[in-house]
Amino acid sequence: DGSEINEIVHYRREQYKKPDMGFYGSIEGKNIIVLSLESLQDFVINEKVNGKEITPFLNDLIDESLYFENFYHQTAQGKTSDSEFLVDNSLFGRDSGAVFFTHSGNEYQALPEELREKGYYTSVMHANNKSFWNRDLMYQSLGYDQFFDINSYEVTEENSIGWGLKDADFFEQSIDLLKQQPQPYYTKFITLTNHFPFELGEEDRFIDEFNSSSGTVNRYFPTVRYMDYAVEQFFKQMKEEGMYENSVFILYGDHYGISDYHNKAMAMYLGKEEITNFDSIQLQKVPLIIHIPGTDPQTIETVSGQIDLKPTILHLLGINTKENIELGSDLLSPERDSFAVLRDGSFISDDTVYTKGICYDKDSGLETESSQCEPYFERATLDLRYSDQIVFGDLLRFYDR
Ligand code: GP9
Ligand code: MN
């Protein structure tokens, strides 16, 4: 039955954070462009390999944007699809398996659906087969008007590498699709080139590989650099086409690219003795950049995650979220708790990190008394539990906004 939902509604009302009225409604009517950047981790931002910047374009973009430097991915086995689920629903994916496969038939109150109700055209551009991650079905449940999949692109041997169409070609071909859409639109682009095993043609290698015993880590840097280049080209083309000014760009890394399996090489890159469990959690940071042309840049410290994007975007558009069931909270709210829960139950606050049963002091990275983490346990447990209850019980069918 639907009685569980009442408890969740109550919890959510207590957690609700009022928007910052300076931002509220500030991007109303603008086109929203979301760039889901494959396997992009935050540790590459403003860093170099052999003296060359890994993400020169993103580094510059950050200087003209809202940049969230303590933003974490919250995905599990569902990888990209989990990040999509988190962003569009402000709910967690499953702790194992992929919610995109198991619960595409649920009732959702997702961001695209809500924006569609407000007159937005909603779409996804991604040059892969439409059934990958069951996207074709899930996108219908989430309220997307259109999915431009591999069939919307011209993919040849020359313009492909690794998983498929190269990012620069993908963006270039997408511009025409974007132009054909009714405005305003909410469109998500999902990149592909910076995907494990990080293959790249010689002509697209703008920086050296790293030099360690892990080929995966070594190759990661040039493919990130290539993705940065592709995004730069996209911004150039948007400007040339006169489509930049009236758009807002939200860029984030979907999940880690380098797993714990490569800790030795990562320790070498980071100049550390070893990667501890504390460090592993810090490596789950992914960049979040909100670029609103003409808005003052700001680096924002709040600890946060992908689950917080939906209320943030809605508030920027001037859409009230008070009656929504969302487990994240507006990143720009002055009332916000600086906090993120990861899918495995690890959590991060301003001064602590909790993972694998141990509480760490954030400044030192050293183990501390569990009482330091105690105040956050309940919140972490409830966020995950309620999210699971909603997904597994398909509870949103019992809730009318
Ligand atoms: C596939 C792309 C990559 O379409 O989204 O998937 P991933 O393996 O990162 O989940
Ligand atoms: Mn991915």
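Predicted model: local features only at pLDDT ≥ 70, side-chain atom pairs only at ≥ 80, totals over all residues.
Residues are numbered from 1 along each chain as its sequence is written, chains are lettered from A and ligands numbered from 1 in the order in which they are written, and side-chain values use heavy atoms, leaving out hydrogens and water.

Colleague: Happy to look at this with you! How many cavities of 30 Å³ or more does a search of the whole structure find?

Modeller: On a 1 Å grid over the protein atoms alone, a cavity is a set of points where a 1.4 Å probe fits but cannot get out. A volume is the space filled by probe spheres set on the points. With a cut-off of 30 Å³ or more, the number of cavities is four.

Colleague: Which element gives the most to the lining of the largest cavity?

Modeller: The largest cavity has a volume of about 90 Å³, and lining residues have an atom within 4 Å of a point. Helices are DSSP runs (H or I, at least four residues) and strands too (E, at least two), numbered from the N terminus. Both α1 (3-15) and α12 (374-393) supply at least two residues of this lining. With three residues, the top contributor is α1.

Colleague: And from which element does the largest share of the lining of the second largest cavity come?

Modeller: This cavity has a volume of about 70 Å³, and its lining includes F339, A340 and V341. Two or more residues come from each of β15 (339-341) and α12. The largest share, three residues, belongs to β15.

Colleague: Nice. Why is the arrangement around the manganese ion (ligand 2) irregular?

Modeller: Donors here are N, O and S atoms within 2.8 Å of the metal, and E38, T80, D254 and H255 supply them at 2.1 to 2.5 Å. Six donors count as octahedral if opposite donors are over 155 degrees apart and all others between 65 and 115. The arrangement is irregular because the six donor atoms subtend angles of 55 to 168°.

Colleague: Last one: which elements do the buried residues of α9 pack against?

Modeller: Buried means under 20% relative accessible area (1.4 Å probe, protein chains only), and in α9 (residues 263-270) N263, A265, M266, A267 and Y269 are buried. Contact means heavy atoms within 4.5 Å. The packing partners are β2 (48-49), α8 (215-240) and α10 (277-282).

Terms used: 1 Å grid on protein atoms, 1.4 Å probe; cavity = no way out; pocket = protein on both sides within 12 Å on 5 of 7 lines; lining within 4 Å. Donors = N, O, S within 2.8 Å, 3.2 Å for Na, K, Ca; no water. Tetrahedral: all angles 85-135°; square planar, octahedral: opposite > 155°, others 65-115°. Buried < 20%, exposed > 50% of the residue type's maximum accessible area, 1.4 Å probe, protein only.
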